[in-house]
Structures are given as structure tokens and as C-alpha cells.
Amino acid sequence: MRLEDIALFPYLNESSVYISKLDISPESLATSRAFEKARRRAINRIEGVLSGDLSKPASFSNESEILVEILSYIYARILISSVNEAALIRKFALQEAIFAHDTILKNKDLIPEISKDLGFIFKDVEIDSVAIHFTDYIKYSLSLKNISSKMVNKRVESGFVTITHNEVARLIQEAIRIKIEFSLPATIPDDLQELCSNDIKEVETIFNEFKKDYVDTDFGEIMPGLFPPCIRKALTDVKSGVNLAHSMRFALVSFLYNIGMGNEDIINAFNVSPDFDYEKTSYQVNHISKNEYKCPACSTMVTYGNCFGKDEICEKIKHPLGYYSRKIYFSKNPSNTKTVKAKEEKEETEKEISKKEAKEKEIN
Amino acid sequence: MDELTKRFLRFEFQKYYEKAEIHAPPSLNMREWGFIQFDPMPEIIMRRHKSFGSYGEMREYLTAMAPAHCYYSVAYYAAPAAPVMNRKEWKGADLIFDLDADHLPGAKKTYSEMLEHVKSETLKLIDFLTDDFGFYENNIELVFSGGRGYHFHIYDPKVKDLGSAERREIVNYIRGRGLSVDSYLSKEAMAGDYGVGSKSFKGMKKVPEKYSIKNQDTGWGKRITKYMIEYLVKESEKDEKERFNNIQATPTEKKKLLEISKNPDALHDIEVNGRLDFFKAFDFRKFFKQIIEMAADEVGVDAGASVDEPVTGDIKRLIRAPGSLHGGTGFIAKKIKLDELENFLPLSDAFAFGKEEIPVRVGKPFSFELDFKEYDLDVGSYKIPKYAAIYLMCRGVAKYGS
């Protein structure tokens, strides 16, 4: 592999071998003035990742530029591991993977080498096709949802699936995404974190800026302890790996969205089961937030059998969001609890009376 | 089950295990084992989380305990005997297929009919395993379950680390789930001796859309093509009234299909070139779509509407140990070579016990067929061959003794 390629695909095994030969300690990477450029580039990479545009140099004029690019990846990993936000890790992995995909499509000669490095078993590399072992095909095509990507619709022969270069580039993207995502966060010793603390803070600030754009904070801080019982149950179910009914999943996502949780955080809430499918979940969550769907009212929840563990506050509200805002109100104004209660009791009596009246009317 | 019967079965199972040919699974010391004993029956108590360091240890246990059922994990664990799953450290799993008559749609009535049906599905699956997935025969272990079906253990190292979702995708493949017309229908120009514009087809010189079947020489493309030819031939042999009745086609279209069916050159052209462009005003897409749907049903492995799939997808499941006895029948969970399946007769070849007659008391009327003999037993005392007597005791319909 050319040195330039190692710079562009620094997560490949061959790159790791090269990097370990450089024999640069993380401490010197974090502190030495010689690596100032690499550290700046690392932060610049993370900014690129969050803005959805990870650009890399089209060419390098000398070896030291290449080195900066390679080391910036290592340093970015240290920073991201220290910040340790699942959404950031995922974005980082995804953007690197997309970059690889786009680069391979422009330079298809890279396909055999990268495929080999990623451990793909393949043969018969032709001008526009390659035969890849079906186990690799299945592993990295699972996230592709179009029916023509299913193995059942591919040319399959003696364990190999014949696909186009475009398709193999897509599999490579997925393999790289998984490889990076599962390698993070790396364990960063405290003293190393200490040495990088300014840069870590900077990444945190960038990340928080990014989060702000996605979070609508009408409800202020999110307090799961104040969620209505139905939503609490759904969350517990998700955490224990129970598959939610579609209607309940919709209710949960729209509820979390309505109270101002960011898309990435909602997706994260589902990221507990081994079957978690990032693309699928993210599609569903984005669909709900894009259309600004409102969480279903209590009556709808009851209709679909999604109303669980009704408590006394439930008696007073008609909408799960109403439950939450009421709870928040009480938690912020504990002294008002009594007055509100008194008011409610009064209302209740009035209701009872009017009900009685109605009944009497009926009888009459 | 009374004490005497339990004791008798244990004794007989013990004798079997003393002499039986039992092979340890690959990486024996990484497997979790589970056993069900006769003693607590009718209660079924599974003792799990057991592991063996050596083949000798495993044999010794089987002979000493003579369990009614023994299972081992399809998974490889770093700590197979750990009492909770998340401490076992999963290191991979064999790929398993479980074809069980219980789960096959439209289950047949008698035991032997059920087994015959499962066998035909099993033969189909072998074809997928060797041709499509390219597994070597020495990596495929086929086992009669001793009950109602067959198990496949695939030991290919390439499948070891596949997750559940990937394994379910393999099941989707063998069932033909998600076959799409457009993936198998190609519009590229076709070459063929039985050419466009030949005299037999009304001097048609140009065909606006030249359809052909993609990948007609391998995988599902080959299955669909073969199925289509067989379908055409089969239908052409029927009476006119019955012909092509299970597809949607106009009378003219049916007539045209018949023309193709009767023409060996045309059929050959389909098989070799995937040709589908025989007539101008004919909606081959519609016809082909119906063929694909039928092919998925007929040629795909009927791997059970719902139950079989979780077996393949479950990467921590316990599966009956090949060579052990099935405590619900007394039959051997018998390994079969792939080329022996065709002639394998489960209801005689899998017997663990001899023909000598022993006394049993039948508690309720029971009919069955074993070794080509039909039995129709009322309540009462009988002397019947040992394999049959043990079968009845294991099924829970008879007691030992006169």
C-alpha cells in the first residue's frame, strides 16, 4: 500500500503496522511541539465529522504532510475516546467509512487491497465485478434495505456472491464503519487525558454545539424519572431487550422527540439489544422528527393496548405529554402541589356532580 | 413412567452407551452440555452448564448416568461450565439447521409419512449447502434427530463467527424469501438457435423487449429456470381444462405457453440461455413473477413456518448430541453420510435395540409402524421386539413387564 493510502485509510491493519513502526508515544503526540499540526488537524477532522463532511487532502506534497494526516487520526481517536459520546463515535466511524466508499469509487484499483486488509475472502476480480464469499456478503449487506441487495437475488455459486464494484465499495464502507465503531472508545489512561485536557475540552464544546442544533429544549432538562408509566415501561422493555409493538415504538420515539430529546440520543436509547440496527432505527427516528409527529393521546394508547400502570396522575391527564409537564411543574413548584390538588379535588367534585346530573337527566 | 420402567430404560441405555460409537464434537472442551435424566420423569429437568475436558470424561459420564436426552451447545465458549450465559464468553458457533416434521407446514399424518416429507426437504437443503454455499462435505454433518427430523451441523470456520441476523439471512436464502422478479429478469439481447423471427412464430422479425432470465446457470436463477421448464412440461401433459389453471393468464397466453412447452428446442433455449422472449404481445414479466412465487414455495426448503428459523438464528442453543439416544423414542440420533440419506430408513436404520421379544403392558390403545411392521395394540400385555417395546415405553404408553 502506498504511504498516501495509509494516510487516507489509517484504520486498516497495514496502517496500524506502519504506525506502530513509527514508534511515537501517545504522550509525545499529545504534547510535543512537533505534532502541533497533527493535533490541530485532529480537531479539524472531528469538526468535519460532525458537519457531515470529512474532507481529506487530495494529494500530499511531502512525507511530513502524510505523517500529519496519519497522526491526526490517532490523536482524534484519543480525543473521541476521552469525550466518550456514543453519537460522536458513530458519526466518526460513519464519516470515515463514507469517505472510504467515495474514494474507492474514484479509484477502483484499491478494491482488492482494501478488501484483503479487511479480511474479505474474494476471487475473480474483473473489470466491474468481484466474487466475494457469502459470509462476508451477508455480514456487511445486512444494513442494506433494498430487496435487490438480498443474497437471494444475487448470483451465488459455490459459496461466492458476484457483485459489482459499486456494491463491494458499499460493503467495504460497512466493514470499515463496524471496525472503527467497535474499536472505540479506546481506554485512555488518566494521565494521558490530563495531557490532552485542553483539546478534549475543545472537542466537548464542538460536540455540545452540534448537539444543541439537534435538541429543542422546550421542556428543559430531560428527567426520565418523571415520564408517564407507559413510557417508563417501554423504556424498561427496550433495555431488557423486549421487542416493542410498532405502535408503542412510535409512541416512545415521538414522546422523546416531543420533550426535546435529540435524534441521536433517542437512537441511543434503542442501542441496547444485540439486534440493534442503527440505520433502521435512525430512519424511523428521523422520520418521526422530520414530520414532527406528536405522541399519541392516552385514548389512542388505550386502544392499542399500550396503556400500562395507570397511576393517579394519569386520571387527570389525557396525554402522556400532559403527564410529563404536570410532573415537571410539581417538581419545580413543590409548594403548589397542595393548591393544585385542592383545585383538582374541586374540579373532581364538580365533575361528579355534573355526571350525576347527566345521569339523572337520562333517567328522566 | 413407573420406577421399574425407568430402571429398565436406564439399564438399557447404559448398555448402549458402553458400546456405542459416539464421537466428540470438534473443540469438545469448549462446549456446554445439558442432560435430562429418566429419574425425575414425568418432570423434565434439564441439567445444564456441564462441560468435559476430554473424550474419556464424556464417555464415562454418559455410561454412568445413562441420560434420557443429551445435548451440547452449538456454541464454543471460553468457560462452557459457567453457571450464567454472559460469563461463558461466546467464541463462535456451528451453523445449525433443524428440519423437524413438527414445524413443517401441512404436517403429514403418520410418523413415517412425516419423516418421508422431512427427508425430501433435507435433500433440497443438501443441494443449497454444497452448491450455493460451497460447504465441503467433510464440514457438513447430517444427523437423524432420533425423533421427527434431521439436523445439520456445519463446521466450516467461515461461519463460526456469524451473528443471529446473518444466520437468519441464510435461512431466508434457502427459503427463497424476498426473491424479486426484477433481479432475475434481464432485458439484454438474447442469442439463441431457436431465434427470434423463426418461421414457427409467425415471421416475427423484431421483438421490442427481449427478456431473459438472469443467472439461469447457478443458484436461485438455476432453480427458477429448472422449475419453470418442469412446470411447462407438467402443465402441457394435463387436459386442456386443467392446464395452466394455477396461474393468471389469458386463454391466448395459455395457448402460447403450450406452444413453448411442446417445443424441445424452446425449452432447451430457456435452460441454456434463459430465454424468455418468445412472443411479442406477451407479458413475460407477469408470467415470470408467478413462476418465481411458485418456485420459492416448491423449490425453497420448507424450513418450517416459524420454528426452524430461531434454531439456526440461536447462536447459543443446545442441540442433541449425535450418536446419543433420543429418550422420547429410544432411537439413535444417527449420523448419516450425505449420499446415504436417499436410502436411509429412520424407522429401522436408527434402532439402538435388538429384535428379541420382551414383555410390556400397554396402558392405552396405540397404533404405530416400525421396521415395516404395523402394530395396532389395545390395552393389555404383549411380547414385542425390544426396539418396539422401548419405543412404547419412551413414548409413555407402555410399562415394562408382563
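D161(B) and K139(A) form a salt bridge whose closest N and O atoms are 3.7 Å apart, a salt bridge being a side-chain nitrogen of Lys or Arg within 4 Å of a carboxyl oxygen of Asp or Glu. D161(B) lies in the loop between β8 and α4 (164-175) of chain B and K139(A) in helix α8 (residues 134-141) of chain A, so the pair joins two chains. The model is predicted: local features need pLDDT of at least 70, side-chain atom pairs count only at pLDDT 80 or more, and totals for chains, interfaces and linings use all residues. Residues are numbered from 1 along each chain as its sequence is written, chains are lettered from A and ligands numbered from 1 in the order in which they are written, and side-chain values use heavy atoms, with hydrogens and water left out.

**Interface between chains A and B**

- Contact (heavy atoms within 4.5 Å) involves 21 residues of chain A and 28 residues of chain B.
- The buried area, meaning the accessible area (1.4 Å probe) that two parts lose on being put together, summed over both, is about 2000 Å² between chain A and chain B, and carbon and sulfur atoms give 59% of it.
- Three salt bridges are counted between the two chains, chain A and chain B.
- K150(A) forms a salt bridge with E169(B), with the closest N and O atoms 3.5 Å apart.
- D161(B) is partly exposed, at a relative accessible area of 47%; buried means under 20%, exposed over 50% and partly exposed in between (1.4 Å probe, protein chains only).

**Chain A**

- Chain A contains 19 helices and four strands, these being DSSP runs numbered from the N terminus (helices H or I, at least four residues; strands E, at least two).
- Of its 364 residues, 45% count as buried in chain A.
- Among chain A contacts between residues at least 6 apart in sequence, 70% join residues at least 24 apart.

**Salt bridges within chain A**

- Over all chains, the whole structure holds 39 salt bridges.
- E36(A) pairs with R39(A) in a salt bridge, the closest N and O atoms being 3.0 Å apart.
- These two residues, E36(A) and R39(A), are separated by about one helical turn because they stand three residues apart in helix α4 (residues 36-50) of chain A.
- E36(A) is partly exposed, with a relative accessible area of 37%, whereas R39(A) is buried at 7%.
- E96(A) forms a salt bridge with K56(A), the closest N and O atoms being 2.7 Å apart.
- That pair links distant parts of the chain, with E96(A) in helix α6 (residues 86-106) and K56(A) in the loop between α4 and α5 of chain A, 40 residues apart.
- E96(A) is buried, with a relative accessible area of 0%, and K56(A) is buried at 11%.
- A network of salt bridges links R41(A), R45(A), K56(A), E69(A) and E96(A).

**Nonpolar cores**

- A nonpolar core is a set of buried Ala, Val, Leu, Ile, Met, Phe, Trp, Tyr and Cys residues joined through side-chain atoms within 4.5 Å.
- The largest nonpolar core has 193 residues, of which F133(B), F152(B), F288(B), L370(B) and L392(B) touch the most other members.
- Helix α5 (residues 63-83) of chain A gives the most to this core, with 10 residues.
- Beyond its neighbours within four places in sequence, F133(B) is in contact with residues of both chains, including F134(A), M151(A), F128(B) and I170(B).
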